[in-house]
Amino acid sequence: MESIADIIDILGTIAFAISGVISATKKRMDLFGILIIATVTSVGGGTLRDLLIGKSPVTWLLNSTVYIIVITTIVGIIFRRQLRYVRKSLFLFDTIGIALYTITGVEIALLVNLDPVICVALGTITACFGGVIRDILCNEIPVIFRKEIYASACIAGGSLYVILHSYGVSSGINAVISGFVVVLIRTLAVVYELQLPSIYSKAEREQD
Amino acid sequence: MESIADIIDILGTIAFAISGVISATKKRMDLFGILIIATVTSVGGGTLRDLLIGKSPVTWLLNSTVYIIVITTIVGIIFRRQLRYVRKSLFLFDTIGIALYTITGVEIALLVNLDPVICVALGTITACFGGVIRDILCNEIPVIFRKEIYASACIAGGSLYVILHSYGVSSGINAVISGFVVVLIRTLAVVYELQLPSIYSKAEREQD
Amino acid sequence: MESIADIIDILGTIAFAISGVISATKKRMDLFGILIIATVTSVGGGTLRDLLIGKSPVTWLLNSTVYIIVITTIVGIIFRRQLRYVRKSLFLFDTIGIALYTITGVEIALLVNLDPVICVALGTITACFGGVIRDILCNEIPVIFRKEIYASACIAGGSLYVILHSYGVSSGINAVISGFVVVLIRTLAVVYELQLPSIYSKAEREQD
């Protein structure tokens, strides 16, 4: 079980790093800029979670994540033009990645005995804020604030995890079920192009 | 006394959350984006203060602030069109909010025995940086860097608190006096449209 | 030795603060905004490093850096128009500043027994992220992500420091040698207008 989680964690790191490479090359950043954006996208969410709960040094200072990111960035830059052909595989990694990051975040928050709602929030932050910081560094309004069911999938899966946890479901089974819910909602959202119901009237949207 | 401070704290949280809702709906964010911006506006300043002084977990992970923000955001979205009619009440909440946040920040910094100037800085950060992070996430140059006497009111009230504290004034009386100074300066600034003296020459401003 | 490092540290703080004043006045910020940008540019990198490794309160809350920044900002605003004539001296301060900040960051990371690559990363973060946060607050894509050999000089010098450290070279001598490498690479890069090799094809660059 542990080793599967490790492999998925690495795949998630790679997927996030590649999404950083894609964003950074679109902005014509140099090698160093691309590496930073890839790193921030991969570790930003977990770093913010660690800072908020007071875990230090933050996780990525203590493991080999940074090596994976450097290698991914170099490979990503070399095969930059081919990245568009693997977009579907990327989506798969990314979706599994946010599922795993959500569960990891919720689990760490539960260990510190935080309020259930806060645990779900920290899971969602772990999964989503790498992308938020990536977008800020690229001088864009974070994409997850505006469209797509992305964070919502994390909130749903994270909430399920907290509920099953309160019923005593073991963490392994819980992670599989709740993680699957994240993947399912996110996949359905992309396949059927679902969005959160708009709160804006037709008139307001036409102003834009 | 404690319960009045609690009520004012809640009003401040609500005022800041609503200012987040207003900013986020202007940028046509979705439900999730609006909730994040409301949260960040409310808790961003206190979070940065807690991180800088090493208080962890940060305050809002440990109390019910997040529930107040969620409810405020939902109500704020529903009555979004009416928000303009309550702008004056909002201004009142916001002003009382920054006064209270400033005093809270200064008090926490004094407890850690930091330098007086640093205490004033941390009070100002507590009151103002939620709005700064809100503006960054909305891809704007933070409004308080450019106009209005907002931070200056916090600096004045925070400095007064530190001075009275050094003369042994009790924290309750000190909070009322120094908080009132923040409210007074901020209100006068808005009523008389005061700004910090411009450092730019006429020629420079005409270039813009 | 200690006192020379202190003087260079102060010169670095001043140089970074002035670069903040220059950025902020270009954006026509008010006095308060300029002061914040100057502060963030000076202490942002070290603050991020301290947060990541869990050192709290962060360094600048405990020393007199903030006084140096306030004075520099006031003097910088008054002599704003003359700043262009001292650009070369500024470059010198800034270059010595990033060299010193890099070494300081690497040393602190080595003390916490972090992985060599992480130590270099933390040195580079210390030297470069003040400027990154400055650019984000000014609503620009961070300049070091796009051009100039700046971070690369820090990475080179930081790596050399870690290598020499592993061979038992004393920290004083190591700091002088590795710091000199940062200054040398940065100076050569500016004098000969060197950039990192572009990863973009001519066709891609013409699209922009």
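Colleague: How many salt bridges are there between chain B and chain A?

Modeller: The count is 0, where a salt bridge is a side-chain nitrogen of Lys or Arg within 4 Å of a carboxyl oxygen of Asp or Glu. This is a predicted model, in which local features need pLDDT of at least 70 and side-chain atom pairs count only at pLDDT 80 or more, while totals for chains, interfaces and linings use all residues. Residues are numbered from 1 along each chain as its sequence is written, chains are lettered from A and ligands numbered from 1 in the order in which they are written, and side-chain values use heavy atoms, with hydrogens and water left out.

Colleague: How many residues does each chain put into the contact?

Modeller: Chain B gives 29 residues and chain A gives 32 residues, contact meaning heavy atoms within 4.5 Å.

Colleague: And which residues in chain B lose the most area to chain A?

Modeller: The two chains bury about 2,600 Å² between them, 69% of it on carbon and sulfur atoms, and this is the accessible area (1.4 Å probe) lost on being put together, summed over both. In chain B, R28(B), F32(B) and L61(B) lose the most, together 28% of what that side buries.

Colleague: Switching topic, what rotation superposes chain B on chain A?

Modeller: A rotation of 120 degrees with 0.0 Å of shift along its axis does so, with an RMSD of 0.0 Å, by least squares on the C-alpha atoms of residues with pLDDT of at least 70 in both. That is the relation of a three-fold axis.
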